[in-house]
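Me: I would like the labels on this model set against their cut-offs, one at a time. Please start with the criterion and then give the values.

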Amino acid sequence: MAADRPVKRKRRGSGSTGQGGGSFLRQRTDPRSERRFEPKASLELGLTLLGMSVAALLAGAGVYGQWFRGDEAGAHPYAPYLLLGAFLLGAAAGLFGQWSMKAIRVGDAGVAVENGPTEIERIGWNEVTGLLLTETALTVQGSGTAIAIPLRAHLPAASRVLAEVRKRIPGGAVDIEEGALPAPDDAAGEVRPLEPPQVAGLRCKATDKLIAFEADARLCGRCGEVYHKEGVPERCATCEAPLR
Ligand SMILES: [Zn+2]
């Protein structure tokens with residue numbers, strides 16, 4: 001029975017520029033996916049929230065003590081101190097606390113940060129102009145925009161981004177040492193399918209031809225660059241992946 005199964009033919013073509021095989025050319029509707037990473041609830045975040053809660057309690061007590069004790073009792077002598085404490089603690093939590101609660105997405109469509117339930121900021125691999133690793137964050141730079149991935153809350157996402165950049169953008173991470181971040185963990189992040197990209201109205205990267213219809217678009221499967229079906233070059237103009 002097993003002998004009747006079609007043999008994987010993919011390997012033979014890889015390396016050549018023949019049809020199928022090594023080509024990264026994709027239709028707009030070819031399946032794509034990404035991983036969604038929830039931020040790790042850290043000690044810093046817990047302390048930030050605790051600080052804010054205590055500040056709110058102090059503020060409540062302070063406001064009551066200062067103004068709401070009734071005419072006979074008057075303002076409590078400690079009330080101004082409670083208010084001052086609340087202000088200082090709240091300010092400290094706001095200034096130094098950790099507020100990176102945003103989920104990060106990494107996949108075929110690049111890197112994205114969820115700024116809100118429906119507001120997603122995205123940088124495609126073909127739009128990445130630089131990658132910067134510091135002690136605290138991995139920053140993905142695009143033209144006129146950047147997404148900073150805090151390492152404490154998002155180490156698995158940062159590892160994934162670094163590995164994807166090495167795979168998808170030639171020379172995109174040459175400034176970052178091998179092993180600077182741990183290897184990506186396949187168990188981290190929830191894999192989700194991506195919608196086909198909105199490409200009507202964009203221009204072909206190679207010929208500048210307007211892509212009037214979604215069906216005319218072709219994509220580079222490695223970096224996501226967009227081409228008109230009549231203008232697909234031998235190799236991707238952005239990442240040099242073979243397209244024919
Ligand atoms: Zn490409």
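Reply: A salt bridge is a side-chain nitrogen of Lys or Arg within 4 Å of a carboxyl oxygen of Asp or Glu. By that criterion, a search of the whole structure finds 15 salt bridges. The model is predicted, so local features need pLDDT of at least 70 and side-chain atom pairs count only at pLDDT 80 or more, while totals for chains, interfaces and linings use all residues. Residues are numbered from 1 along each chain as its sequence is written, and side-chain values use heavy atoms, with hydrogens and water left out.

Me: What makes Arg122 and Glu34 a salt bridge?

Reply: The closest N and O atoms of Arg122 and Glu34 are 3.2 Å apart, and the limit is 4 Å. Arg122 lies in strand 5 (residues 120-123) and Glu34 in strand 2 (residues 33-37), so the pair ties together parts that are 88 residues apart in sequence. Strands (E, at least two residues) and helices (H or I, at least four) are DSSP runs, numbered from the N terminus.

Me: Why is Glu34 called buried, and what is Arg122 called?

Reply: Buried means under 20% relative accessible area, exposed over 50%, and partly exposed in between (1.4 Å probe, protein chains only). Glu34 has 3%, so Glu34 counts as buried. Arg122 has 32% and is therefore partly exposed.

Me: How do you know that Arg35 and Asp186 form a salt bridge?

Reply: Their closest N and O atoms are 3.9 Å apart, which is within 4 Å. Arg35 lies in strand 2 and Asp186 in the loop between helix 4 (151-168) and strand 9 (190-193), so this pair ties together parts that are 151 residues apart in sequence. Arg35 is buried because its relative accessible area is 15%, whereas Asp186 counts as exposed at 58%.

Me: Which residues are linked in a network of salt bridges, and where is Arg105 found?

Reply: The network links Glu34, Arg36, Glu38, Arg105, Glu114 and Arg122. Arg105 is found in strand 3 (residues 104-107) and is buried, because its relative accessible area is 14%. The side chain of Arg105 makes a polar contact of 3.1 Å with that of Glu34 and one of 2.8 Å with that of Glu114. A polar contact is a pair of N or O atoms within 3.5 Å; within protein, one must be able to donate a hydrogen and the other to accept it, and residues adjacent in sequence count only if both atoms are side-chain atoms.

Me: What makes the arrangement around the zinc ion tetrahedral?

Reply: The zinc ion is coordinated by the SG atoms of Cys220, Cys223, Cys236 and Cys239, at 2.2 to 2.3 Å. Donors are N, O and S atoms within 2.8 Å of the metal (3.2 Å for Na, K and Ca). Four donors count as tetrahedral if all angles lie between 85 and 135 degrees. Here the 4 donor atoms subtend angles of 102 to 114 degrees, so the arrangement is tetrahedral.

Me: How are the donor residues of the zinc ion spaced in sequence?

Reply: The spacing is C-x2-C-x12-C-x2-C. Cys223, in the loop between strand 10 (217-220) and strand 11 (226-228), and Cys236, in the segment after strand 11, are 13 residues apart. Both Cys223 and Cys236 are buried.

Key: Tetrahedral: all angles 85-135°; square planar, octahedral: opposite > 155°, others 65-115°.
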